[in-house]
Amino acid sequence: MQTMIPLKPGVFFHIFNRGINRSRIFFEERNYAYFLALHERFLPPLSDTYAFCLLPNHFHFLIKVKPGEEPVSALISKAFNRLFASYALAINKAYSRTGSLFQHHFHRIPVGSSRYFAALVHYIHRNPQTHGLVPDFRDWPYSSYHILLSQKPTRIQRASTLSRFGGRTGFLEYHRRPRPCEGLSDFIGNDMD
């Protein structure tokens, strides 16, 4: 069994998981919206979100755990588990299904450098194109790409994320690259494929 890395305060993490047996977790548009609403309900007190992408059978988030009194790791793990349990309960009820929706525990990988942060944002946003869901990742509506470029109010850490690319222009230019950098595959959790 894999040892769970604690979600430490002040650390960026790539959070991801998929449906059990690689099955769908999002069945229609309203499911994506509901999942994000639950995310907004459970996570902001304990973490900031910098990027995300929801795909039919898996999801990715780039978060930073907020400083707080111990045991923050247990509290944020519990918040994620409440999000997943609430969502699974609603899906099971709406679609007359039973059993688990998500594959075991959610994965978490610490993000240890600015280079990795930028490459991970790129990877997360391009994921729908990588999986052949759309010809151009910019057409996928269930990611933070357009939120980060918009002026609309959001809880996504827009200013901080864009600043890591040197601003909006740098963000756009970086996302034009087909691949962010070599070596990222060691960190992104390729078991979502």
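Guide: Start with accessibility. Buried means under 20% relative accessible area, exposed means over 50%, and partly exposed lies in between (1.4 Å probe, protein chains only). At 51% relative accessibility, R176 therefore counts as exposed. This is a predicted model: local features need pLDDT of at least 70, side-chain atom pairs count only at pLDDT 80 or more, and totals for chains, interfaces and linings use all residues. Residues are numbered from 1 along each chain as its sequence is written, and side-chain values use heavy atoms, with hydrogens and water left out.

Visitor: Which residues of α1 are buried?

Guide: First, the naming. Helices (H or I, at least four residues) and strands (E, at least two) are DSSP runs, numbered from the N terminus. In α1, the buried residues are N31, Y32, F35, L38, H39 and F42. They sit on the same side of α1, because they cover an arc of only 125° around the axis. That arc is taken from the directions from the helix axis to the C-beta atoms. E29, R30 and R41 are exposed on the other side.

Visitor: What do the buried residues of α1 pack against?

Guide: Contact means heavy atoms within 4.5 Å. The partners are β2 (47–55), β3 (58–65) and α2 (72–94).

Visitor: How does β3 pair with β1 and β2?

Guide: Two strands pair if DSSP finds at least two bridges between them. β1 (residues 12–18) and β3 are antiparallel, with 7 bridges. F12 has K64 as its bridge partner in β3. β2 and β3 also run antiparallel, joined by 8 bridges. Here L54 stands opposite F59. β2 and β3 form a hairpin, with 2 residues between them. As for burial, 7 of the 8 residues of β3 are buried.

Visitor: How many salt bridges does a search of the whole structure find?

Guide: Side chains of opposite charge can pair when their charged atoms come close. The criterion is a side-chain nitrogen of Lys or Arg within 4 Å of a carboxyl oxygen of Asp or Glu. The search finds 5 salt bridges. In one of them, R155 pairs with E40, with the closest N and O atoms 3.4 Å apart. R155 lies in the loop between α4 (145–149) and α5 (158–163) and E40 in helix α1, so the pair ties together parts that are 115 residues apart in sequence.

Visitor: Where do E173 and R176 lie?

Guide: Both are in helix α6 (residues 168–176), 3 residues apart, about one turn of the helix. E173 is partly exposed, at 46% relative accessible area.
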